[in-house]
Amino acid sequence: MHVQRVVLNSRPGKNGAPVPENFRVEETTLAPDLKDGEALVRTLYLSVDPYMRCRLNEDTGADYLTPWQLSECVDGGGVGLVESSRCSTCTEGDVVTSFNWPWQTHAVMKGSGLQKVDPQLVDGHLSYFLGAVGITGLAALLGVREKGHVIKGANQTMVVSGAAGACGSIAGQIGRLDGCVRVVGICGTDEKCRALVEDLGFSAAINYGQEDVPTKLKECCPDGVDVYFDNVGGVTSDTVIAQMNKGGHVILCGQISQYNKDVPYPPPLSEETQETLQRKSITRERFMVLNYMNKADAALCELSQCVKSGQVKVLETVVNGIEHMGDAFCSMMKGGNIGKQIIKILQ
């Protein structure tokens, strides 16, 4: 069988911004015979995510992330259809997903690495298994629940940075559902601001590219900030933390503004910001969704119900064709997506 795949063509360097040419599309063939425990899957959707920037480096800086190897197939979140199987856990016609899905139009995978999913959980929107009803949704829901300390009736204000991205767009809605009276998103375009307020129910949105963030933040959060869902780090986070209330909570989910720099994760804070955290007794603990997978099944069930009922709206930016994986990845890293960046694989 002839298939297309995406391999790592070059590395951008620890301090470099990735470019589409870091990836290369090539043709290859799959052996027709399956071994015991294997399944042939047809790829339907692939995901690109900010954490993947670390995998472009020879040293990812994280013991749970392996680097992509030059001239070898790239992998990440994927969902697809089982076309034939010699494993006991999945059969022909099953919809399956994996964190380690090869960027290929078809792939032979070990059944033990595949998770069978029920299309009814997402009303047939299978790409949602990579976003709102997948690991991204888990990061949003469990991040808010485990580190946000949102209390109904406590008149809390939540701010979300990277708010129009895959995780931030869900996190803000969870914060609102869990009881925050005010949810403010920070993002990079007027179109994103409109989507946050009109489509997702955020109280307000700030365009950091066009507006003075400190001034606008004071306007949007007159009672200060109690919960900050941090996806970006850098100057934006310094600005938000400076306006946080005593006893507030930072949910440290991502630091995308720092991923193209050779700094440790999480990156060091300025002395002024560190002093603010200490003086105001603000918690800022790193959140890793992989540490809470014992709560995943119940959380995914809740996310499914929220999406199906319309309580949580899902935004996606879909690109067609595996040949556009590199473009989609680089666009996502520059904030070109609204909601989850998805690649639909055309057969």
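Colleague: How many residues of domain 1 are in contact with domain 2?

Modeller: 22 residues of domain 1 are in contact with 19 residues of domain 2, contact meaning heavy atoms within 4.5 Å. This is a predicted model, in which local features need pLDDT of at least 70, side-chain atom pairs count only at pLDDT 80 or more, and totals for chains, interfaces and linings use all residues. Residues are numbered from 1 along each chain as its sequence is written, and side-chain values use heavy atoms, with hydrogens and water left out.

Colleague: What area do domain 1 and domain 2 bury between them?

Modeller: About 1600 Å², with 60% of it on carbon and sulfur atoms; buried area is the accessible area (1.4 Å probe) that two parts lose on being put together, summed over both. In domain 1, the most area is lost to domain 2 by Tyr-64, Leu-315 and Ile-338, together 30% of what that side buries.

Colleague: And how many salt bridges are there between domain 1 and domain 2?

Modeller: The count is zero, where a salt bridge requires a side-chain nitrogen of Lys or Arg within 4 Å of a carboxyl oxygen of Asp or Glu.

Colleague: Where are the bounds of domain 1 and domain 2?

Modeller: Domain 1 comprises 2-131 + 315-344 and domain 2 comprises 135-290, bounds that come from an automatic or database domain assignment. Their C-alpha centres lie 28 Å apart.
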